[in-house]
Amino acid sequence: MTKQPPHPHAKTNEGNLRLVAWEITRNCNLSCIHCRASADMGPHAGELETHACFNLLDEIAEVGSPIVILTGGEPLLRQDIFKIACYGTNKGLRMVMAPNGTLITESYAKQMADAGIQRISISLDGASKEMHDTFRGVQGAFEGAINGIKLAKDAGIEFQINTTITQLNLHQIPAIQELAVTLGAVAHHIFLLVPTGRGKYMIDQEITATEYEQTLNWFYDQKEKLPLQLKATCAPHYYRILRQRTKKEGKSVSFKTHGLDAVTRGCLGGTGFCFISHQGIVQPCGFLNLNCGDIRQASFSSIWNTSDIFLSLRDFSQLKGKCGKCEFKAVCGGCRARAYEATGDFLSEEPLCSYIPG
């Protein structure tokens, strides 16, 4: 067999692995209208067994010390979830979890803490039960999430609130943020809808580019008003807006003044972040359904370091359209998943951006 030449960017574009979102199961007790995975109670074939999960954590730890997000589906539906979390903790990984809150009991909360889960994220897509339950597809989801949050807090586990923004709940975002403060959250992360999975059927509920810009500017204005860590996710334009606003205010962006926002970028897919499906398929993110490698057939380190898709994402000169011309491409990058859903090309320009490169 002829030896293949190395990828031209293999040495210069190594990824600094900071976050891994691992879909530990696709089973779920809810039926969220915007779910990227179209998750349900299953069963779903091909789920990694416990020993394979341990091996994967070993391989992740060989690449770096990222935060590992145990997500789903609903991670608490796996009977071995606390064994897996504990194994990762013992490997020195920062283990966190993304349950929907409805299945958290006092016992589960204690087991989370004992397994070393350092933070959980629970989604609230409405400030009222009517709005949240509409998103989640199950009556009682709001009350269940609030109860789960209180039990986790009592067990000493910090929590953040995640919110996916659409036309349905755009008007409730300030109230959701106030609720996050009242509940004692440490952070509020907003997500802009990416129309994948069941979310494809909500594409008409996607906010416009203008509303997107207005929302992110509003989000910037909350930074010094609230006792919360605020992060815009799947909203890479925020990192352009951050620099535009601080420059206008005569300020500079540094870790001292802006924390992690100063040392991260908008789209981390394939550069500092990756997603692993319940079947062991590695992707740039959960919304960008591109197979970068199968951990049953190759090591995680090999996939992370040599996947052509990952290497392309690390080479910002490959971005096309106005994203390729944009002076903020190194800190924004545009949402690669939205670009892919709109055009079939993950390197094409972000479709929900109103900014014209200067």
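Modeller: Let's start with contact, meaning heavy atoms within 4.5 Å. In this chain, residues 24 or more positions apart account for 70% of the contacts with a separation of 6 or more.

Colleague: What am I looking at, and how is it numbered?

Modeller: It's a predicted model, where local features need pLDDT of at least 70 and side-chain atom pairs count only at pLDDT 80 or more, while totals for chains, interfaces and linings use all residues. Residues are numbered from 1 along each chain as its sequence is written, and side-chain values use heavy atoms, leaving out hydrogens and water.

Colleague: How many of the chain's residues count as buried?

Modeller: Buried is under 20% relative accessible area, exposed over 50%, partly exposed in between (1.4 Å probe, protein chains only). Here 55% of the 358 residues count as buried.

Colleague: Which residues touch the most other members of the largest nonpolar core?

Modeller: In soluble globular proteins, nonpolar side chains tend to be buried together. A core joins buried Ala, Val, Leu, Ile, Met, Phe, Trp, Tyr and Cys through side-chain atoms within 4.5 Å. The largest one has 92 residues, and Trp22, Leu70, Ile120 and Phe300 touch the most other members. Beyond neighbours within four places in sequence, Leu70 contacts residues including Trp22, Ile24, Met95 and Ile117.

Colleague: And what does helix α1 pack against?

Modeller: Helices (H or I, at least four residues) and strands (E, at least two) are DSSP runs, numbered from the N terminus; this chain has 13 helices and 10 strands. In α1, residues 50-63, the buried ones are Cys53, Phe54, Leu56, Leu57, Asp58 and Ile60. Those buried residues pack against β1, β2, α2, β3, β8 and α10.

Definitions and conventions
Expected span 1.5 Å × (residues − 1).
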